[in-house]
Amino acid sequence: MKLKPMWMFVICCITPFILAYAAIQTNWLPDNTTNKGHLLSNDIQVPNWQVNDNTLWSIGLSAPVDCGLICTQQNQRLQNVYQALGKKQHKVSLVIFGEAESNNMTQYPALPELQAGWLYLVDHHGLVVLAYPYEESDQKSRVLHKGLLSDLKKTTQLCAQ
């Protein structure tokens, strides 16, 4: 009779591992995510990242020297996204990767892994997490930026709890 509780304990401990292994082996994992941006598959760490205590996230614009009109247009759109953050602006900073001029953005060197004109969500450790591609159409761009705002509001809400 003393072995019965022991076997129950062993079965209760091993069953979750067996189920998890079976789920992984049969690819029984959801393919979709709730974020609107593209999750980067490789780690991109921004060199010499300056940690600011009050900001949780940064929106980065990749603007190498040869970016031109696309980066200028994306920079203007980025300013609108930042204004739309409203009272959560203090938790988000704006950065630029490249040589483009901007008066209110922290500047970092261009990263070759980043696409020119794209927006990137960077955490407070300098890790680039999500990418938002450049859209030429204002309509598509608006939808993309609403997704960026949604992701930011979701993450800043989670971090505030």
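1. Among contacts in the protein (heavy atoms within 4.5 Å) between residues at least 6 apart in sequence, 71% join residues at least 24 apart. A word on ground rules: this is a predicted model, where local features need pLDDT of at least 70 and side-chain atom pairs count only at pLDDT 80 or more, while totals for chains, interfaces and linings use all residues. Numbering starts from 1 along each chain as its sequence is written, and side-chain values use heavy atoms, with hydrogens and water left out.

2. Next, the parts list. The protein has three helices and six strands, which are DSSP runs numbered from the N terminus (helices are H or I, at least four residues; strands are E, at least two). Read from the N terminus on, the order is α-β-β-α-β-β-β-β-α.

3. Now the overall shape. The radius of gyration, taken over C-alpha atoms, is 21 Å, whereas a compact globule of 161 residues would come out near 15 Å. That globule rule is 2.2 Å times the number of residues to the power 0.38. Along its principal axes, the C-alpha trace spans about 75 × 35 × 30 Å.

4. The accessible area is about 10,800 Å², and 59% of it belongs to carbon and sulfur atoms; the areas come from the Shrake-Rupley method with a 1.4 Å probe, and for residues only the protein chains shown count as cover. Of the 161 residues, 36% are buried. Here buried means under 20% relative accessible area, exposed over 50%, and partly exposed in between (1.4 Å probe, protein chains only).

5. Helix α2 covers residues 69-84, 16 residues in total, and reaches 23 Å from its first C-alpha to its last, close to the 22 Å expected at 1.5 Å a residue. The expected span is 1.5 Å times one less than the number of residues. Buried in α2 are C71, Q74, N75, R77, L78, V81 and Y82. Just after α2, G86 takes a positive phi of about 60°.

6. Have a look at L119, in strand β5 (residues 119-123). L119 counts as buried because its relative accessibility is 0%. Setting aside neighbours within four places in sequence, its contacts are G60, L61, Q74, L78, L130, A131, Y132, H145 and L148. L144 is 25 residues away from L119 along the chain, and their C-alpha atoms are separated by 10 Å.

7. H145 sits in helix α3 (residues 138-160), and at 7% relative accessibility H145 counts as buried too. Beyond neighbours within four places in sequence, H145 is in contact with Q74, R77, V81 and L119. K36 and H145 are 109 residues apart in sequence, yet 9.3 Å apart in space, C-alpha to C-alpha.

8. The loop between β1 (38-45) and β2 (57-63) holds N48. Most residues other than glycine have a negative phi. N48 has a phi near 55°, a positive value in a residue other than glycine. N48 counts as exposed because its relative accessibility is 69%.

9. T55 also lies in the loop between β1 and β2, but T55 counts as buried, at 11% relative accessibility. Leaving out neighbours within four places in sequence, T55 is in contact with H90, K91, V92, S93 and H124.
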